[in-house]
Amino acid sequence: MGSRGNAAPGDPASGPALTAFRNREQELQQLLHGVTTLGGHCFWLVVAPPQLGKSWLLDQVSAELTQGRDGRPWRVRLVDLRVLPSDVRSDTTKLLAHMFPAVDPQSAPPTGAREITKMISGDKQPYACLLDGADLLDRGAADALRKQLSQVHQRLQASGHPAARLAVVVAGRRNEEWLPVSPAPRLNQLPLTRFGAEVISQALRDLAAQMDRSFSPREMEVHAEFVHRFTEGLPALVVECLQWVRREDSWADIADLDSTTSFDRIARPYVENRLLSTESLMPEGGRDLGDIRDVLSHALRVLTPYRVLTQSHLAHYWAADAALHQAVSAGGWSPPDLWEALNRTALLARPHDEPWTAIHPPIRRLLFRHFHPAAADRAAAHREAATYVEQWMESPRGKESGVGVVERLWHEASALVLERPAELTAVLSATADRMRERLRPSSFYVAGELRDYVATRISRDEELQEVLGVESGLANRLIAIISSPAGGSDA
């Protein structure tokens, strides 16, 4: 029960005329295999920023389990926290009553766990509980719910009924509330990524067939590259773009998607109404949401050029950017207040295993174009960021100084591609040679190890590779420069 239809990921209203996207098959099969395999992962956390298809995926899981893809139909309960009153979300027993109909909302929590176990054991049928909008639960409510679900899981294991199983799939925009190792079983994280160009190509081929249009494989590949670059592979924006093509028969205009006019017409409403909505920036709600949204938008304007974010970055712009300083001060905030609010938004990369903060890369790139629509503005933002990163590198040692080197190269490369692409190789090579001297060994990294770390980081940096791709072999050249010992020695 609880299915919301079969729409394209990220846009439940897209309708049957648009193809269902196909690149969630891997995530879907991974999750279903874990849930239905004896001894597999039975508790899952699907985590992604807004509009990447979490709800769509839960609907597919619900349909597959209900139909009994493993040979045994599951009893499935799908609960969307976004439509439940706040008092239900804060009361574990009431929430369990929505997830398991056997629970009396007025019972004490331990009684609820016993009732749930008896219900599943009595049915001798596996039970799946799918929880959407899980970021609406605060840490205390999430902890309390996990304890109850853990008790049910342990009771079912002790019941001796092999068919009596409980699977839990939680979907949300953040993962912090669900990360603790205990109680067992720990939630296995399944992050959703953006769509690749090949998926968009397939969607365009399907749409062309619906519209009775014919294109060569190379023409369709070019179309897909334009759409992928324009949408950053964000599912809901891909849908918007496909609807534009279908509505206005805009196949001949796809090559113009790089224009500011196309961005303003198709992407800007998506950014303003979805990514920068109060629901996205303040998922926990609260008071004065409009004012807080404005402050967070100001902060994102100055921070979206950066892939690595620390409180030092925010403090720098607090002092240097008059508009941000005024907006934050008018709200009675301090930089630490703003930093805490930024880390509660739904736009960050999760899971993220580094000590710094990062905006989800496709969203960051889209926001960057939103806040800096002209190429000259984007180049200026990267130059300013490159200057700040070099200043920021005066203190860090070891791995952090290595991260600074890569970010410095990326900012400069991005600015050069926009302004002076012919100078990319010469200028970036000189910068790499100079930045190698800025690497600061630590007690964990001697000089040679630190250079190897930076070289490896460059080789794995897909976003940097894409920028450098206009100059064949430049990435290898930079790696060679960074890897060579300064002065011929590591002493």
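In what order do the five strands of the open sheet stand? The legends below start there and then move on through this predicted model.

**Figure 1. The five-stranded sheet, strand by strand.** The strands of this open sheet run in the order β2-β3-β4-β1-β5, and their pairing is parallel. At the edges stand β2 (75–80) and β5 (188–191); each has a single partner strand, so one side of each is left without a neighbour in the sheet. From one strand to the next, the twist averages 15 degrees.

**Figure 2. Strand β1 and its two partners.** Here we look at β1 (residues 43–47), which pairs with β4 (residues 166–172) in the parallel sense over five bridges. Within this pair, Leu 45 stands opposite Val 170 of β4. β1 also pairs with β5, again in the parallel sense, over four bridges. There, Val 46 has Leu 190 of β5 as its bridge partner. Is β1 buried or exposed? Five of its five residues are buried, so β1 is largely enclosed by the rest of the structure. Phe 43, Leu 45 and Val 47 point one way from the strand, Trp 44 and Val 46 point the other way, and all are buried.

Figure 3. In soluble globular proteins, nonpolar side chains tend to be buried together. In this model, the largest nonpolar core has 112 residues, and those touching the most other members are Trp 251, Leu 257, Leu 338 and Leu 342. Which residues does Leu 342 contact, leaving aside its neighbours within four places in sequence? They are Leu 296, Ala 299, Leu 300, Leu 303, Leu 314 and Leu 348. A second, separate core of 35 residues includes Val 103, Leu 137, Ala 141 and Trp 178.

**Figure 4. A salt bridge between Lys 94 and Asp 87.** The structure holds 31 salt bridges, and this view takes up one of them. The side chains of Lys 94 and Asp 87 meet at 3.4 Å, N to O. Lys 94 is partly exposed, with a relative accessible area of 29%. Asp 87 is also partly exposed, with a relative accessible area of 37%.

**Figure 5. A buried salt bridge linking two helices.** Glu 390 and Arg 408 form a salt bridge through their side chains, at 2.8 Å from N to O. Glu 390 belongs to helix α17 (residues 375–392) and Arg 408 to helix α18 (residues 399–419), so the pair ties together parts that are 18 residues apart in sequence. Both Glu 390 and Arg 408 are buried.

Figure 6. The side chains of Arg 436 and Asp 433 meet in a salt bridge of 2.6 Å, N to O. The two residues are three apart in helix α19 (residues 424–436), which means about one helical turn separates them. Arg 436 counts as buried because its relative accessibility is 12%, which is under the 20% cut-off. Asp 433, at 36% relative accessibility, counts as partly exposed. In a separate network, salt bridges that share partners join Arg 194, Glu 232, Arg 307, Arg 364, Arg 365, Arg 369, Glu 407, Asp 461 and Glu 463.

**Figure 7. Confidence along the chain.** Please keep this view in mind when reading the others. The chain has a mean pLDDT of 87, with 92% of its residues at 70 or more. Which of its elements has the lowest mean pLDDT, and which the highest? Helix α5 (residues 109–123) has the lowest, at 78, and helix α16 (residues 361–371) the highest, at 97. Over residues 1–19 pLDDT stays under 50, and the model has 54 contacts beyond four places in sequence for them. Residues 487–491 also stay under 50, with four such contacts.

Conventions. Residues are numbered from 1 along each chain as its sequence is written. This is a predicted model: local features need pLDDT of at least 70, side-chain atom pairs count only at pLDDT 80 or more; totals for chains, interfaces and linings use all residues. Side-chain values use heavy atoms; hydrogens and water are left out. pLDDT is the predictor's confidence in each residue, from 0 to 100. Contact means heavy atoms within 4.5 Å. Two strands pair if DSSP finds at least two bridges between them. Axes are lines fitted to C-alpha atoms, for helices over the stretch in contact, and angles run from 0 to 180 degrees between N-to-C directions. A nonpolar core is a set of buried Ala, Val, Leu, Ile, Met, Phe, Trp, Tyr and Cys residues joined through side-chain atoms within 4.5 Å. Buried means under 20% relative accessible area, exposed over 50%, partly exposed in between (1.4 Å probe, protein chains only). A salt bridge is a side-chain nitrogen of Lys or Arg within 4 Å of a carboxyl oxygen of Asp or Glu.
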